Amino acid sequence: MKIALMDSGIGLLAAAAAVRRLRPDAELVLSSDPDSMPWGPRTPEDITALALDVARAAAAHRPDALIVACNTASVHALPALRAELEPALPVIGTVPAIKPAAAGGGSVAIWATPATTGSPYQRELIGDFGGSAEVTEVPCPGLADALEHGDEAGIDRAVAAAAALTPPDVRAVVLGCTHYELVATRIREAVQRPGRPRLALHGSAGAVAAQALRRIGVDPAPTAEPSGTLTVLRAGRPATLPEAALTYAEGRMLAAAAPAL
């Protein structure tokens with residue numbers, strides 16, 4: 001069993017770690033093109049072209065499924081990816097977890113890149129799944145880029161700026177960019193108000209990992225022998241996990257749990 005994941009950069013780490021937890025025996029292929037980051041400010045046509053290149057590199061390794069572990073690529077390139085690769089290769093997109101976050105009503109914030117914040121796509125999701133919740137869109141300029149480079153000071157600044165824009169009575173935060181899941185604990189600490197109930201964070205990694213297994217008809221087996229290998233591709237070429245990836249728990253877990261090919 002082989003699962004491929006694609007993203008512009010290391011935002012795919014959270015979903016890859018989720019797959020590894022569900023199936024320690026799965027072979028993983030991580031395909032990215034960090035030199036082309038950030039994708040958010042690019043035109044939809046450029047994003048689609050870049051995503052297709054990254055997906056083709058992953059598909060060349062003949063995986064059983066491909067996870068598009070990037071919100072921006074899922075918004076703009078998913079139809080093109082599915083048109084080219086399916087049905088031979090199931091393609092699983094990433095959607096912000098607005099529906100489960102809004103299910104309890106109250107105040108909900110969606111942290112996302114500036115390009116996604118206020119976009120017709122996100123507004124449509126809010127309209128479809130926001131229900132009675134009071135949804136606030138929070139742009140997070142610079143956060144994904146700081147996370148990509150392991151820039152601790154930059155991460156602190158971006159998280160603090162986004163926290164200042166988040167309503168003080170917020171009950172749940174949707175992590176609308178896959179990179180943000182790498183610092184979920186720091187985001188909770190920045191937003192949590194004293195005396196308020198514990199803040200709920202809603203990412204997408206666990207859901208897309210589970211969906212990938214469903215699409216290929218495989219059950220979770222978290223106690224399986226940890227024999228899965230790890231293949232890393234950067235711009236289609238064999239590579240190793242970048243140093244910045246190892247600053248996050250997910251990156252360290254992937255590096256330690258599987259031999260690199």
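1. In this predicted model, helices H2 and H3 pack with their axes 8 Å apart and at an angle of about 55°, and H2 and H3 are therefore oblique to each other. The crossing in which H2 passes H3 is right-handed. On the H2 side the contact is made by Pro44, Ile47, Thr48, Ala51, Leu52, Ala55, Arg56 and Ala59, while H3 contributes Thr72, Ala73, His76, Ala77, Ala80, Leu81, Glu84 and Leu85. Sorted by class, the residues of this contact of H2 with H3 divide into 11 nonpolar, 3 polar and 2 charged.

2. Helix H1 (residues 13-22) and helix H9 (residues 205-215) are packed with their axes 8 Å apart, at an angle of about 55°, which makes H1 oblique to H9. The crossing of H1 and H9 is right-handed. In this pair, Ala14, Ala15, Ala18, Val19 and Leu22 of H1 meet Ala205, Gly206, Val208, Ala209, Ala210 and Leu213 of H9. By class, the contact of H1 with H9 has 10 nonpolar residues, 1 polar residue and no charged residues.

3. The axes of helix H7 (residues 152-164) and helix H8 (residues 184-191) come within 9 Å and cross at roughly 45°, so that H7 is oblique to H8. H7 passes H8 in a right-handed crossing. The residues that meet are Glu152, Ile155, Asp156, Val159 and Ala163 in H7 and Arg186, Ile187, Ala190 and Val191 in H8. This contact of H7 with H8 has 6 nonpolar and 3 charged residues, with no polar ones.

4. The cysteines deserve a separate point. A disulfide is a covalent bond between the sulfur atoms of two cysteines. How many disulfides does the count come to? The count comes to 0 disulfides. For cysteine 140, the closest cysteine sulfur is that of cysteine 177, and because the two sulfurs are 8.4 Å apart, they are too far from each other for a bond. Cysteine 177 is likewise in no disulfide, since the nearest cysteine sulfur, that of cysteine 70, is 6.9 Å away, whereas a disulfide would need the sulfur atoms to be within 2.5 Å. Is cysteine 140 buried or exposed? Cysteine 140 has a relative accessible area of 3% and is buried, and cysteine 177, at 9% relative accessibility, also counts as buried.

5. Most residues other than glycine have a negative phi, and most peptide bonds are trans. The peptide bond from glutamate 86 to proline 87, however, is cis, with omega near 5°. Proline 87 is found in the loop between helix H3 (71-85) and strand S4 (91-92).

6. Two positive phi values also call for attention. Arginine 62, although it is not a glycine, has a positive phi of about 55°, and this residue is found in the loop between helix H2 (44-59) and strand S3 (65-68). With a relative accessibility of 70%, arginine 62 counts as exposed. Alanine 235 is not a glycine either, yet its phi is positive, at about 55°. Alanine 235 lies in the loop between strand S9 (230-234) and strand S10 (237-239), and with a relative accessible area of 38% alanine 235 is partly exposed.

Notes
Residues numbered from 1 in each chain as written. Predicted model: local features only at pLDDT ≥ 70, side-chain atom pairs only at ≥ 80, totals over all residues. Heavy atoms only, no water. Axes fitted to C-alpha atoms, helices over the stretch in contact; angles between N-to-C directions. Helix = DSSP H or I, 4+ residues; strand = E, 2+ residues; numbered from the N terminus. Parallel < 35°, antiparallel > 145°, perpendicular 65-115°, else oblique. Left-handed = near helix turned anticlockwise from the far one by under 90°. Contact = heavy atoms within 4.5 Å. Nonpolar A, V, L, I, M, F, W, Y, C, P; charged D, E, K, R; others polar. Buried < 20%, exposed > 50% of the residue type's maximum accessible area, 1.4 Å probe, protein only.
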